[in-house]
Amino acid sequence: MAKQTDKKDIQKMTIDYLNELYPNAECELNFSSAFELLVAVILSAQCTDARVNKVTPVLFKEYGTPQKLASARQEDIERIIYSCGFYHNKAKNLIACSKDIVEKYDGEVPGTLDKLQTLAGVGRKTANVVYSLWFKGDAIAVDTHVFRVSNRLAIATGKTPFEVEDKLMKAYKKADWSKLHYMLVLFGRYKCKAIKPECETCKLREFCKHYKSTLKQI
Ligand code: SF4
C-alpha cells in the first residue's frame, strides 16, 4: 500500500512549489522608513500594492513624518488617498496612528509587536508586516490569502489568523518566514483564489484537503 503523505511532507512540498512559482517573492510596496512602511501597509488593505505605490509619493511629499501627518486635516488626506479605497477610514486611522506615534513614542515607530499593536488602526497583520520587514523581527503576517491557503492545504489549520500564524511558525524555519508570507500572498491572490482556484494546474492538488473535499461533491 502506498505510504500516505504526512503533514510534514505536504508542508515541504508546499514551500518547494511556492519557491518554484515565486522565486523572487518580496514586499512590493515602496518605502524608505518604518513610518512610510507602516502608512503603506495601512493603505494597502483591500487595495493593490501598485496603486499604493502611486499614492504614497504624493502623500509623503507633504506628510512624510508622523508629526506632519498627525496635524493634517482629514479631508486633505482623503483627497490624496481617495483611489486606495476606504479613504475615509484610512485617512482617519493614518492621522490617529501618527498622533499615537508622536504622543506615546516620541515620534518614532515602536519596534516591538506589542507596541505596534497599540497604535490606532494597526492590527496584528499590519504589525507583523512592519515588525518582520523593517525591524527584522520573527513574525509571519497572516492576511486573508495566507489564512485561506494554509487552511486549504492543511499546512497550518486554524479558526483564527493567530492560530494559523502560530502553526506556520512551528512548521517552518525562521529564515523562511518572511518570504513564505509573500509567496502565500501571491499564491492566494493569483492561483489559489477565494473563488475558482486554479486547481487543475496546481501541483499540490493531489495532497490538497480543499481539492479533495470539492471532488467529493461532484
Ligand atoms: S489544489 Fe486548488 S485549492 Fe488546493 S492549493 Fe491548489 S489551487 Fe488551492
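The chat below goes through a predicted model of one protein chain.

Q: What kind of model is this, and how are residues numbered?
A: The model is predicted, so local features need pLDDT of at least 70 and side-chain atom pairs count only at pLDDT 80 or more, while totals for chains, interfaces and linings use all residues. Residues are numbered from 1 along each chain as its sequence is written, and side-chain values use heavy atoms, with hydrogens and water left out.

Q: How many helices and strands are there?
A: The chain has 12 helices and 0 strands. Both are DSSP runs numbered from the N terminus: helices are H or I with at least four residues, strands are E with at least two.

Q: What does the C-alpha trace span along its principal axes?
A: About 70 × 30 × 30 Å.

Q: How much of the chain is buried?
A: Of the 218 residues, 47% are buried. Buried means under 20% relative accessible area, exposed means over 50%, and partly exposed is in between, using a 1.4 Å probe and protein chains only.

Q: Let's take α3. How far does α3 reach?
A: α3 (49-63) has 15 residues and covers 19 Å from first C-alpha to last, close to the expected 21 Å at 1.5 Å a residue. The expected span is 1.5 Å times one less than the number of residues.

Q: Where does α3 bend?
A: At Thr56, by about 30°, and a proline, Pro57, follows within four residues. The bend is the angle between axes fitted to the seven residues ending at a residue and the seven starting there.

Q: Which residues of α3 are buried?
A: Asp49, Val52, Asn53, Val55, Thr56, Leu59, Phe60 and Tyr63.

Q: Why would residues three or four places apart point the same way?
A: An α-helix has 3.6 residues a turn, so residues with that spacing point the same way.

Q: New topic: which residues are around the ligand?
A: They are Arg152, Leu153, Phe187, Cys192, Pro197, Cys199, Cys202, Arg205, Cys208, His210 and Tyr211. A residue is near a molecule if one of its heavy atoms lies within 4 Å of it.

Q: How do they divide by type?
A: The shell has 8 nonpolar, 1 polar and 2 charged residues. Ala, Val, Leu, Ile, Met, Phe, Trp, Tyr, Cys and Pro count as nonpolar, Asp, Glu, Lys and Arg as charged, and the others, Gly among them, as polar.

Q: Which helices supply at least two residues each?
A: α9 (144-153) and α12 each do that.

Q: Back to loops. Where is Gln46, and is it buried or exposed?
A: Gln46 is in the loop between α2 (34-43) and α3, and Gln46 is exposed at 70% relative accessible area. Gln46 also has a positive phi of about 60° although it is not a glycine.

Q: And what about Lys196?
A: Lys196 has a positive phi of about 55° and is not a glycine either. Lys196 lies in the loop between α11 (174-190) and α12 (209-217) and is exposed, with a relative accessible area of 70%.

Q: Is Val41 buried or exposed?
A: Val41, in helix α2, is buried, with a relative accessible area of 3%. Its C-alpha is 9.2 Å from that of Ala127, which is 86 residues apart along the chain.

Q: How far is Val185 from His88?
A: Val185 and His88 are 26 Å apart, C-alpha to C-alpha, and 97 residues apart in sequence. Val185 lies in helix α11 and counts as buried at 7% relative accessibility.
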